[in-house]
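Me: I am new to this structure and would like to learn how to read it. Could you take me through a few features, one at a time?

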Amino acid sequence: MLLKSKLPEVGITIFTVMSQLAVQYDAINLSQGFPDYDCSPELISLVSKYMNEGRNQYAPMAGLMALRERLAEKQEQLHKSTYNPESEITITAGGTQAIFTALTCVIHPDDEVIIFDPAYDCYAPTVTLLGGVVRSIELSPPEYKINWTEVKKLVNLKTRMIILNSPNNPTGITLSEEDMKELISLTHNSNILILSDEVYEHLIYDGADHLSVSRYPELKERSFITASFGKLFHTTGWKVGYCLAPVWLMSEFRKVHQFQIFSVNTPVQYAIADFLSERGNYLELSNFFQVKKNFFSNLLRDTRFDLLPCYGSYFQSVQYSRISDEKDTDLAKRLTIEFGVASIPVSAFYSNSTDHHILRFCFAKKQETLEKAVIRLAKV
């Protein structure tokens, strides 16, 4: 039988490839973005409590109201931005589902979507799957600054959306106040929507502040904001996230969501709602990861890898020009096989596979894991 692929150029993701290689060669896996330590015992106890209480059937399609109310409170407290939990917040099966659904409900064939490379790898394939056209703008290390003049040249009547990710995966760069002003100016009196992937909003360093698009009324009115509790509470395997959007966008989002997922794990939603009531459970995350970031980066200074700036996320990018001139994909595989440390080649985050000779390491690991990894990397 014949089948015409809807994603003919897409294969197995680099995350799967590197993780499989790490298992095959018993390497320390600093490639995929997940912790090697447990989440809070309190959170596990809460899930167990609600399971034992029989909260095991379908949750409401939009998510448990108590959880949506906690999210509305959090957004108001942190960003002075009001979302109606009834009509403007939806719980999703992870952040990636929220992104997929947001794109699906608004992108039509031939709509153009502006993406900043290097970008999280689900953006471009989803746009392509929907018949949209990806317009990529390549950002360059070490600061990965957006050239807004270049962005303006790409904008036309077919431009439907701009996708942002701050703090950024894989670069660790965050958007500035000037970026927000440029974005407001660019989208003023236009039909351009914004998808703001803010999954790492609580992982931001050195006293900086996360600039959510929800802080800016001109942007909020045209934006989907997506995030994930997996990254927030060290539970990536639970696959629970959420989307915030004004009612005119959220009503379209839910039309797709109800047929794609319908509802999300009920006892976990109850548990997270309770856990969010203690603000320290998310406000203290920056300090928690700042310690890990500093520990890992200080260790790496004894290697021949050169550190790039990291202002947020839990990824540290490094350049290896002092080590080799081989392709980043080749070096990433060689480090895994010969030295026992798995990383992600950053060219995988570029639509054109642009290679700046940069690797990405995840530092959401135990201290002893990071220490052991750098001992091996020091031999490269």
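Predicted model: local features only at pLDDT ≥ 70, side-chain atom pairs only at ≥ 80, totals over all residues.

Me: Let's begin with the helix. What span does α2 reach from its first C-alpha to its last?

Reply: Helices here are DSSP runs of H or I with at least four residues, strands are runs of E with at least two, and both are numbered from the N terminus. The expected span of a helix is 1.5 Å times one less than its number of residues. Helix α2, residues 41-52, has 12 residues and reaches 16 Å, close to the 16 Å expected.

Me: Which residues of α2 are buried?

Reply: Buried means under 20% relative accessible area, exposed over 50%, and partly exposed in between, with a 1.4 Å probe and protein chains only. In α2 the buried residues are L43, L46, V47 and Y50. They cover an arc of only 100° around the axis, which puts them on the same side of α2; the arc is taken from the directions from the helix axis to the C-beta atoms. The general idea is that an α-helix has 3.6 residues a turn, so residues three or four places apart point the same way. On the other side of α2, P41 and N52 are exposed.

Me: What covers the buried residues of α2?

Reply: The cover includes α9 (229-233) and α11 (266-276).

Me: Now the serines. Where is S313 found, and what is it in contact with?

Reply: S313 sits in the loop between β9 (306-307) and β10 (315-319), and counts as buried because its relative accessibility is 0%. Contact means heavy atoms within 4.5 Å. Leaving aside neighbours within four places in sequence, S313 is in contact with P167, N168, G172, Y200, L203, Y205 and F363.

Me: Where does S297 lie?

Reply: S297 lies in helix α13, residues 285-300, and at 5% relative accessibility it counts as buried. Beyond neighbours within four places in sequence, S297 is in contact with L307 and Q316. S297 and F363 are 66 residues apart in sequence and 9.2 Å apart in space, C-alpha to C-alpha.

Me: How many cavities of 30 Å³ or more does a search of the whole structure find?

Reply: Rolling a probe the size of a water molecule over the atoms shows where empty space is left. On a 1 Å grid over the protein atoms alone, a cavity is a set of points where a 1.4 Å probe fits but cannot get out; a pocket is an open set with protein on both sides within 12 Å along at least five of seven lines; lining residues have an atom within 4 Å of a point. Points are joined across faces, edges and corners, and a volume is the space filled by probe spheres set on them. The search finds 3 such cavities. The largest cavity holds about 50 Å³, and its lining is E198, V199, E201, H202, A227, S228, L232 and Y242.

Me: Which residues are closest to the centre of the second largest pocket?

Reply: That pocket has a volume of about 320 Å³. Of its 23 lining residues, the closest to the centre are Y144, I146, I173, T174 and L175.

Key: Residues numbered from 1 in each chain as written. Heavy atoms only, no water.
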